[in-house]
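Please keep the coordinates open while reading this note. The points can be checked one at a time.

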Amino acid sequence: MKINRTALFAFLTLVTVSIVYLFDYDAEKKQEEKDTAVVLDYDMDQINYFQIIKGESKLALQKNEQGWSLLEPIQDIADNDNVEDFLKKMTTEKQISVVKNTKEDLTEIELKEFGLDKPEAVFVFKNNLGNTRRISVGSVQNYEGDSYLRIDSENRVLLARSVWTSQAKNEMIFYRDKRLFRGNLAHIDNIRIKSLRDDFQMHKIDNVWAGKGEIVPLDQNKVRELLSSIVDAKIEAYLFEGEPSHRVIQEKGLEKEQGIYLELSSSDTSWAAAINLHVQDKTLYALTERPTFLVRLEVGAWEKFGNLEMDGFKDRTTALAFNRKEVSKLYFKENGAEKEISVENGNWSLKKGDTFQLLDQQLVNNTIDQIHEMKISDFIEDESGKTKFSGSNILILKSAADKLLLQLNWGPSFTKTKDGQSQDYYYTRTHQSDVIFAMEKPIIDSLALTKLVEVSGDKQKQGAHVE
């Protein structure tokens, strides 16, 4: 068999060109993938140490079992959320392009062109595999504000988004724990608050918060909200590490008997903070104990803590609480009127001898809803409640099985001045508490109980006779 040389040559040429094309395409594709890869090719969760070097200053953080900690320039707890957000940005940022790639080492002139001779910052990342990556951020940016980067001592210069430059400008406070209180709230069993309005204490017994010297139970949710608000109070700046001089404490108005004073303690630990709004510079200062810091707080904390008073933590709902769905009977005695209504054949009706007259269903249901939403208006601090309370007016709610859901007694009325304003109240109590408290007279009067049994002519015609 005779082979055509021309055809063979053409075939070999085609094969060679194809191999070269495929090789070039593969190399081009790999280079393209490399050019658009993430800048920091580390798994975020594997990074356990990083540094940010800016000129002569260095910030270093280390990860341990408890989370992130600052190592330099001071040793302190880190803000884990901010650190994690930072690392997420850094490990997902992709390079835009390669703007310089030489076979030889980059010269001083080439580095200077991109501000990499004197970088804006140098990020050093280490992971738990023992690898280290050093990323220099140029002090020069392109016309769109993007950043020039150099990884380790590579002979390439990368272009990346400006996030690298912006992250380099973060101050230490960004990475530092900014909680006013850093302890474990679960261990706290004593609270003292000296606000601008009151000075009171609360303590926890059998996991229930109570006011010291108070017979009124506390709203447990409100106490927990108070503790959370102390934790959530954010430090804007650390002004002094350690104990400041007595002169500085006086200048800032941070002596215990001035401004606001918060104290949290347990059987084996305690924490406190003196807080004051400086008149001249309008800055909210705080001096904490264990650890001791002089700090600047968000100004909003002044009003939040300054207006606290024991009255705001007293339970205003439990004494009046009942299951709305269970109510099937309502009895009241008010100003000589005494009536009983109940649900008969699915409708609210007034009992009259052996008959039941249909009532305004919407009015009765609205009134019970109104009772269900009532809260204690105020508390009586002196003994007048015990001596003057008569409770001649009665409201009773029961279930279909005669289970007592609520018994509310009130009377007589009285006037009390609070915060410069006079208000009319009733002395009041319920079957769920021995405490005599005050209900605003308009709230009780608005129930208009006697109107519940004013059966209209149309309603009477619809009345049902019960054998």
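Predicted model: local features only at pLDDT ≥ 70, side-chain atom pairs only at ≥ 80, totals over all residues.

1. Residues are numbered from 1 along each chain as its sequence is written, and side-chain values use heavy atoms, with hydrogens and water left out.

2. Helices (H or I, at least four residues) and strands (E, at least two) are DSSP runs numbered from the N terminus. Helix α9 covers residues 361-372; at 1.5 Å a residue its 12 residues should span 16 Å, and the 17 Å between its end C-alpha atoms agrees with that. The expected span is 1.5 Å times one less than the number of residues. At the start of α9, the backbone nitrogen of Q362 has a side-chain oxygen of D360 within 3.2 Å.

3. Buried here means under 20% relative accessible area, exposed over 50%, and partly exposed in between (1.4 Å probe, protein chains only). The residues V364, T367, I368 and I371 of α9 are buried. They lie on the same side of α9, because they cover an arc of only 95° around the axis; the arc is that of the directions from the helix axis to the C-beta atoms. The cover over the buried residues of α9 includes β18 (329-334), β19 (337-344), β20 (347-352), β23 (393-398) and β24 (404-418).

4. A nonpolar core is a set of buried Ala, Val, Leu, Ile, Met, Phe, Trp, Tyr and Cys residues joined through side-chain atoms within 4.5 Å. The largest has 34 residues, of which I191, M202, I275 and F305 touch the most other members. Helix α6 (residues 220-232) supplies the largest share of this core, five residues. A second, separate core of 32 residues includes L330, V364, F437 and L447.

5. Contact means heavy atoms within 4.5 Å. Not counting residues up to four places away in sequence, M202 touches a set of residues including I191, W209, L218, V223, L226, M310 and F313.

6. Which residues does A286 contact beyond its neighbours within four places in sequence? They are L180, L254, A274, I275, F293, L294, V295 and L297. A286 sits in strand β16 (residues 284-289) and is buried, with a relative accessible area of 0%. Its C-alpha atom is separated by 6.3 Å from that of A273, 13 residues apart along the chain.

7. R176, in the loop between α5 (172-175) and β10 (190-194), is buried at a relative accessible area of 1%. Outside four places in sequence, the contacts of R176 include D76, D79, R182, Y238, E241 and F293.

8. Two cis peptide bonds deserve a look. One joins E72 and P73, with omega about 5°; P73 is in the loop between β3 (67-72) and β4 (76-77). Another joins G411 and P412, with omega about -5°, and P412 is in strand β24.

9. D152 is not a glycine, yet has a positive phi of about 50°. D152 lies in the loop between β8 (147-151) and β9 (156-160) and counts as partly exposed at 30% relative accessibility. N345, also other than glycine, has phi near 55°. N345 is in the loop between β19 and β20 and counts as exposed, at 69% relative accessibility.

Definitions and conventions: Polar contact = N/O pair within 3.5 Å; in protein donor to acceptor, adjacent residues only side chain to side chain.
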